[in-house]
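Let's take a friendly walk through a protein model together. Have the sequence and the 3D view ready, and look up each residue as we reach it.

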Amino acid sequence: MLWTLLLALLLVLLLHTQLSVCLRELRSGGSVLSTSSLSSASSYNTTQQRLPGAIIIGVRKGGTRALLEMLNLHPDVEVARAEVHYFNVEEHYHHGLAWYRAQMPFSRLNQLTVEKTPGYFAAPQVPARVWFMNPAVRLLLIVRDPAERVVSDYTQVLHNRLARHKPYQPLEELLLHKGHINPGYKALQRSVYHEHLARWLDVFPREQIHVMDGDALIQDPFPELRKAERFLDLPPRINPHNFYYNTTKGFYCLQSAGHDKCLDESKGRPHAPLSSQALEKLCRYFEKPNKVFFEMVGRSFSWC
């Protein structure tokens, strides 16, 4: 009888000990789960500098700044404010990806970082370098009438040189040689879009490059921005009320959360003069290159 009681008491003690261990484990597990959940939520909202998931690669004087500012209206987008020139400037590229990342804005895990440097499009070494950084990166190419782009390109350089009190040749002297288009003029070469796009398509699939109409973006921004949202897999957050036409400036400005923003005075400035004869020669020069470009991108544009 005594042995039976002692055995029963021993069993009770063992069960109590085991129950205490189980309770401690459950409490510990609950605490770990709660901490893990808090940690996950914290990391989701923590901001850090990230490599871009999308890059506006060009073209120069095609509307890249306007596109960047418009994309920045989206709550899931953070943009690099300055042109980084990482992939097309050797000194910058040799700094490595850590340097490039340090030029990016702080963003949350659910946000898309966007960088724009229009000099990337025409630089031969850039496509492979971008692919090496991220073969899945999305590329935005905004184009406009190549003849108009040449004149706009010249106008920007002219204003920069005048601001530094440096001389610069008239546009027609650079554009024409003995009455014919000078194919060596650098601004002209930047407008031969198909040659530059071919290098990108040697590296990236066509569906990874979204071609935008820069002229349409100026005339009616919202439809072009909605297409860009879809391409970037962003929920539709940019709306027609984010844009209003500024009659003084002559182009659309942005508004969001009660704040207005217009591009600076360098945008929309009057073009340098070019005779109608020179412009006609310029348009004829681009006829064949434009056709090749249209075939490459699967759409046509109303240029010249």
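Is proline 124 buried or exposed? Keep in mind as you look that this is a predicted model. With a relative accessible area of 54%, proline 124 is exposed, because the cut-off for that word is over 50%. You will find proline 124 in the loop between β5 (112-116) and α5. Now look for asparagine 88, which lies 36 residues away from proline 124 along the chain. The C-alpha atoms of proline 124 and asparagine 88 are separated by 8.5 Å.

Next, let's go inside. The largest nonpolar core has 30 residues, and Ile55, Tyr120, Trp200 and Phe293 are the ones that touch the most other members. Several elements give two or more residues to this core, including β2 (54-58), α9 (193-201) and α12 (276-297). Zoom in on tryptophan 200 to see what surrounds it: setting aside neighbours within four places in sequence, its contacts include Ile57, Tyr120, Phe121, Leu139 and Ile209. There is also a second, separate core of 28 residues, and Leu68, Leu225, Ile238 and Cys253 are among its members.

Histidine 196 has a relative accessible area of 7%, so it is buried, the limit being under 20%. What does the side chain of histidine 196 reach at 2.9 Å? It is the backbone oxygen of glutamine 189. The side chain of histidine 196 also makes a polar contact of 2.8 Å with the side chain of arginine 199. Leaving out residues up to four places away in sequence, histidine 196 touches Phe121, Ala122, Gln189 and Arg190.

Our last stop is the disulfides, of which the structure holds 2. One joins cysteine 253 and cysteine 262, with sulfur atoms 1.8 Å apart. The torsion about this S-S bond is about 110°, so the disulfide is right-handed. Cysteine 253 is buried at 0% relative accessible area, while cysteine 262 is partly exposed at 25%.

The other disulfide links cysteine 283 and cysteine 304, whose sulfur atoms are 2.1 Å apart. This link is left-handed, with -70° about the S-S bond. It connects distant parts of the chain: cysteine 283 sits in helix α12, and cysteine 304 lies 21 residues away in the segment after α12. Here cysteine 283 counts as buried at 18% relative accessibility, whereas cysteine 304 counts as exposed at 57%. Counting bonded cysteines along the chain, the disulfides follow the pattern 1-2, 3-4.

Key: Residues numbered from 1 in each chain as written. Predicted model: local features only at pLDDT ≥ 70, side-chain atom pairs only at ≥ 80, totals over all residues. Heavy atoms only, no water. Core = buried A, V, L, I, M, F, W, Y, C linked by side-chain atoms within 4.5 Å. Buried < 20%, exposed > 50% of the residue type's maximum accessible area, 1.4 Å probe, protein only. Helix = DSSP H or I, 4+ residues; strand = E, 2+ residues; numbered from the N terminus. Contact = heavy atoms within 4.5 Å. Polar contact = N/O pair within 3.5 Å; in protein donor to acceptor, adjacent residues only side chain to side chain. Disulfide = S-S within 2.5 Å.
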